[in-house]
Amino acid sequence: MALKADKIFVNLPVKNLDETIEFFSKIGFEFTPQFTDENATCMVISDNIFAMLLVEDYFRSFTKKDISDTAKSSEVIIALTANSREEVDEIVNRAFEAGGKPSNDPQDHGFMYGWGFEDINGHLWEVFYMEQGTAS
């Protein structure tokens, strides 16, 4: 039997929760109030995908490992789909306007177009559009 989860919650450490909420709000994300307090918030990416943004001290309570120094290394790139090439550009440009940094140049592979940004905590986000019928 293959494992198929109904939802995904990505947990990310953040330095300043209020600034992080403000950053992602400017991009257009919303948050779940019942999962928000001084330690964490639940950012809604889609109906089944969420990012739990946890202040670093609280994040440490879930792991015995060190938190990655995002200024020097990255552990993950979070990739999100967009509905068009234009939407890719719109989302990434909003991230730049909100204080994010470029993580790479736009990449056009014909059937797929993507571009990425680094959020204010150093996490890498890739936004891409793939033509219908390219992947199932």
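The model is predicted, so to speak of local features takes a pLDDT of at least 70 and side-chain atom pairs count only at pLDDT 80 or more, while totals for chains, interfaces and linings use all residues. Residues are numbered from 1 along each chain as its sequence is written, and side-chain values use heavy atoms, with hydrogens and water left out.

**The largest pocket**
- Its volume comes to about 380 Å³; a volume here is the space filled by probe spheres set on grid points, which are joined across faces, edges and corners.
- A pocket is an open set of points on a 1 Å grid over the protein atoms alone, where a 1.4 Å probe fits, with protein on both sides within 12 Å along at least five of seven lines; a lining residue has an atom within 4 Å of a point.
- The largest pocket has 19 lining residues, and Phe29, Ile45, Ser46, Leu80 and Thr81 sit nearest its centre.
- Two or more lining residues come from each of β1 (8–14), β5 (77–81) and α3.
- β5 gives the largest share of that lining, with four residues.
- Helices (H or I, at least four residues) and strands (E, at least two) are DSSP runs, numbered from the N terminus.
- Sorted by class, the lining holds 13 nonpolar, four polar and two charged residues.
- Nonpolar covers Ala, Val, Leu, Ile, Met, Phe, Trp, Tyr, Cys and Pro; charged covers Asp, Glu, Lys and Arg; the others, Gly among them, are polar.

**The second largest pocket**
- This one holds about 320 Å³ of space.
- It is lined by 17 residues, with Pro13, Phe59, Ile67, Ser68 and Glu75 closest to the centre.
- The top contributor to this lining is β1, with four residues.
- Its lining splits into seven nonpolar, seven polar and three charged residues.

**Strand β9 and its partners**
- β9 runs parallel to β5, joined by five bridges; strands pair if DSSP finds at least two bridges between them.
- β8 (residues 112–118) pairs with β9 in the antiparallel sense over seven bridges, and Trp115 has Val127 as its bridge partner in β9.
- β8 and β9 make a hairpin with five residues between them, and Gly122 in the turn has a positive phi of about 90°.

**Asn93**
- Asn93 belongs to helix α3 (residues 85–97).
- Asn93 counts as partly exposed because its relative accessibility is 32%.

Definitions and conventions. Buried means under 20% relative accessible area, exposed over 50%, partly exposed in between (1.4 Å probe, protein chains only).
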